[in-house]
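I opened the model today to look up its sheets, its salt bridges and its helix packing. My notes are below.

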Amino acid sequence: MAHPETAPVIICGSVAFDTIMVFEGKFQEHILPEQVHALSVSFLVPSMRKEYGGCAGNIAYNMRLLGGTPVPVATVGEDAGDYLRRMREQGTNVDWVKVVPDTFTAQCFITTDLADNQITAFHPGAMSAAATNDLTGAPGVWGIVAPDAKDGMFAHARRLHAQGIPFIFDLGQAMPLFSGEDLEEMLALAQVLTVNDYEAHVVEQRTGRSMADIAAGLQAAIVTRGEKGSTLLTGGHEIQIDPVKAEAVVDPTGCGDAYRAGLLYGLTVGWRWEDCCKLASLMGAIKIACRGPQNHQISREEISSRLERSYGLSLPQG
């Protein structure tokens with residue numbers, strides 16, 4: 001039997017590149033309202049960076065920081081060589097990351113102006129083929145179905161359910177794709193629901209059920225509330241999880257994925273739900289202090305030390 005620290009977790013979701021450019025001006029000074037019917041504008045962007053992203057990639061990155069064993073299940077394009085090499089170097093098993101011929105990896109192109117307005121273009125690329133990536137046989141004691149192509153999310157959920165592998169349903173950016181009926185079908189397959197407070201309201205509205213009612217049919221439902229911490233609903237109880245104060249608030253991109261990595265790691269080592277959520281909160285606080293979803297570099301020892309200071313917990317030693 002695998003040591004608890006290395007029990008594998010199946011991470012279903014997107015793997016993507018984010019290209020972020022900064023326009024050193026304001027869009028409103030160049031986009032004339034009376035001319036939007038014939039829009040043709042060009043922005044000089046002297047600052048540009050390319051980030052490794054996507055939910056599966058981000059969760060896997062954070063799990064490796066903790067010493068966990070993520071098994072990402074994702075579809076990428078022929079341009080993913082650097083990303084796959086980086087994952088391997090970090091010690092991540094990429095056997096279930098499928099390269100789809102003649103496609104690009106999913107990518108987001110974001111141009112931000114000095115007023116923090118954004119113009120974003122998203123190309124799904126290989127992500128559109130997510131449902132063709134059969135995870136049957138992938139090792140895992142837990143799983144997560146994170147945002148991806150909708151048919152891919154359902155395919156992964158059904159396969160995990162068929163194999164008897166408990167999983168977290170993470171709605172996230174896929175929220176606009178799911179009707180109330182879709183949500184109920186997914187909740188019938190999952191053991192855990194994770195949402196932020198806005199998504200929680202939308203889920204309640206679309207299903208006509210309260211989060212407490214939804215949680216009653218699951219092992220747990222978790223609602224994250226940013227700097228206000230999170231709410232854990234399990235066993236008929238509602239437990240408030242205090243937040244960890246971030247050392248700096250720099251970039252929230254990927255914080256939810258870092259949170260979910262902490263949650264999954266705690267589950268693999270047999271922690272109670274409340275402690276899993278505490279580790280998750282710490283991972284989110286660590287991530288927000290760094291720009292980009294996968295640029296925070298911190299030792300496992302430092303994570304454990306901060307966990308001790310914040311909650312009186314420490315990571316298992318092995």
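The entries that follow go through the sheets, then the helix contacts, then the charged pairs.

**Entry 1: the nine-stranded sheet**

I note at the outset that this is a predicted model. I began with strand order. I found an open sheet of nine strands, ordered β5-β4-β1-β8-β9-β10-β11-β12-β13. Its pairing is mixed. I then looked for the edges. They are β5 (97-99) and β13 (237-241). Each has a single partner strand, so one side of each is left without a neighbour in the sheet. I also took the twist, which averages 20° from one strand to the next.

In which sense do strand β8 and strand β9 pair? They pair in the parallel sense, over three bridges. I marked β8 at residues 142-145 and β9 at residues 167-170. I looked up V145 and found F169 of β9 opposite.

I checked β2 against β6. The two strands run parallel, and seven bridges join them. β2 covers residues 16-22 and β6 covers residues 106-112. I20 has I110 as its bridge partner in β6. I then asked what packs on this sheet.

**Entry 2: α7 on α8**

I turned to helix pairs. Two packed helices are described by the angle between their axes and the distance between the axes. For helix α7 (residues 255-268) and α8 I have an angle of about 145°. Their axes are 7 Å apart. The crossing is right-handed.

I listed the contact residues. From α7 they include C255, A258, Y259, G262 and L263. Y265, G266 and L267 of α7 also take part. From α8 I wrote down W273, C276, C277, L279 and A280, among others. S281, M283, G284, K287 and I288 of α8 belong to the contact as well. I sorted the contact by class: 13 nonpolar, four polar and one charged residues.

**Entry 3: α8 on α9**

I followed α8 to its contact with helix α9 (residues 300-311). Here the angle is about 115°, with axes 10 Å apart. α8 passes α9 in a right-handed crossing. On the α8 side I found K278, L279, S281, L282, M283 and I286. On the α9 side I found I303, R306, L307 and Y311. By class, I have seven nonpolar, one polar and two charged residues.

**Entry 4: salt bridges**

How many does the structure hold? It holds 13.

R209 lies in the loop between α5 (197-207) and α6 (211-216), and E184 in helix α4 (residues 180-189), so the pair ties together parts that are 25 residues apart in sequence. R209 is partly exposed, at 24% relative accessible area. E184 is also partly exposed, at 28%.

I then went back to α8. There the side chains of E274 and K278 meet in a salt bridge, 3.9 Å from N to O. Both lie in helix α8 (residues 273-288), four residues apart, about one turn of the helix. Is K278 buried or exposed? K278 is buried, at 16% relative accessibility. E274 is partly exposed, with a relative accessible area of 21%.

My last pair was R309 with E302, closest N and O atoms 3.7 Å apart. I found R309 exposed, at 55%. E302 is partly exposed, at 30%. To close, I traced the shared partners: salt bridges join R272, E274, D275 and K278 into one network.

Terms used:
Residues are numbered from 1 along each chain as its sequence is written. This is a predicted model: local features need pLDDT of at least 70, side-chain atom pairs count only at pLDDT 80 or more; totals for chains, interfaces and linings use all residues. Side-chain values use heavy atoms; hydrogens and water are left out. Two strands pair if DSSP finds at least two bridges between them. Axes are lines fitted to C-alpha atoms, for helices over the stretch in contact, and angles run from 0 to 180 degrees between N-to-C directions. A salt bridge is a side-chain nitrogen of Lys or Arg within 4 Å of a carboxyl oxygen of Asp or Glu. Buried means under 20% relative accessible area, exposed over 50%, partly exposed in between (1.4 Å probe, protein chains only). A crossing is left-handed if the near helix is turned anticlockwise from the far one by less than a right angle, and right-handed if clockwise. Contact means heavy atoms within 4.5 Å. Ala, Val, Leu, Ile, Met, Phe, Trp, Tyr, Cys and Pro count as nonpolar, Asp, Glu, Lys and Arg as charged, and the others, Gly among them, as polar.
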